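Morning, everyone. Please look at the sequence and the model on the screen. I'll talk you through two places in it.

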Amino acid sequence: MKLNKNGWSTTEMIVLSLGLLLALLVSVYFIVKLYGSFDNAVSNRQYVDLEIKLETAAHDYIKDNNVEVNGQLKLSYDTLKEKEYIDSLNDKNGKNCSGYVLVTKVDGINNYAGFISCQDYQTRNY
């Protein structure tokens with residue numbers, strides 16, 4: 001009896017499976033390399049939250065005091081703390097951070113950008 005050779009043999013299936021496994025391992029390697037350490041991203045999130053906290057305090061200060069922004073205005077953390085719009089600016093280790101908010105008026109809308117400087121982190125272009 002003559003067999004029809006239109007199907008896959010065990011050898012072909014093993015070679016194909018090994019090729020797919022190799023491609024999977026290479027893709028996992030590059031994904032991990034691309035995104036780096038996930039712990040680093042989680043710890044930086046805390047600093048982003050501090051920047052947002054500072055921006056929110058500056059927004060409330062400008063709104064409550066009817067401050068008119070012409071061009072740019074720089075509000076320091078010390079000013080916001082003195083006026084009681086923010087209580088503290090501490091990192092996860094409890095160390096004090098300093099900072100400021102740069103308020104820029106563009107097309108009649110105030111844009112807020114918070115900048116902080118802590119012992120282990122500093123906002124780009126601080």
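Start with Lys74. Lys74 sits over the face of Tyr100, 4.3 Å from the ring centre. Keep in mind that this is a predicted model.

Which residues share an aromatic cluster with Tyr100? Phe115 and Tyr126 do; together the three form one cluster.

Now the ring pairs. A pair of aromatic rings is described by two things: the distance of the centres and the angle of the planes. The count here comes to five aromatic pairs. Take Tyr100 and Phe115. Their ring centres are 5.0 Å apart, and their planes meet at 20°. Planes under 30 degrees apart count as stacked, so this pair is stacked.

Where do the two residues lie? Tyr100 is in strand β2, residues 98-106, and Phe115 is in strand β3, residues 109-117. So the pair ties together parts that are 15 residues apart in sequence. Both Tyr100 and Phe115 are buried.

Now another of the pairs, Tyr29 and Phe30. Their centres are 5.1 Å apart, with the planes at 70°. Over 60 degrees counts as edge-to-face, so that is what we call Tyr29 and Phe30.

Glu55 belongs to helix α2, residues 38-64. Is Glu55 buried, partly exposed or exposed? Its relative accessibility is 22%, so Glu55 counts as partly exposed.

What does Glu55 touch, leaving aside neighbours within four places in sequence? Val101, Tyr112, Ala113 and Gly114. Look at Val101. Glu55 and Val101 are 46 residues apart in sequence. In space, their C-alpha atoms are 6.2 Å apart.

Methods
Residues are numbered from 1 along each chain as its sequence is written. This is a predicted model: local features need pLDDT of at least 70, side-chain atom pairs count only at pLDDT 80 or more; totals for chains, interfaces and linings use all residues. Side-chain values use heavy atoms; hydrogens and water are left out. Helices (H or I, at least four residues) and strands (E, at least two) are DSSP runs, numbered from the N terminus. Buried means under 20% relative accessible area, exposed over 50%, partly exposed in between (1.4 Å probe, protein chains only). Contact means heavy atoms within 4.5 Å. Rings of Phe, Tyr and Trp (its six-membered ring) pair if their centres lie within 6.5 Å; planes under 30 degrees apart count as stacked, over 60 as edge-to-face and the rest as tilted. A charge sits over a ring if NZ of Lys or CZ of Arg is within 6 Å of the ring centre and within 35 degrees of the ring normal.
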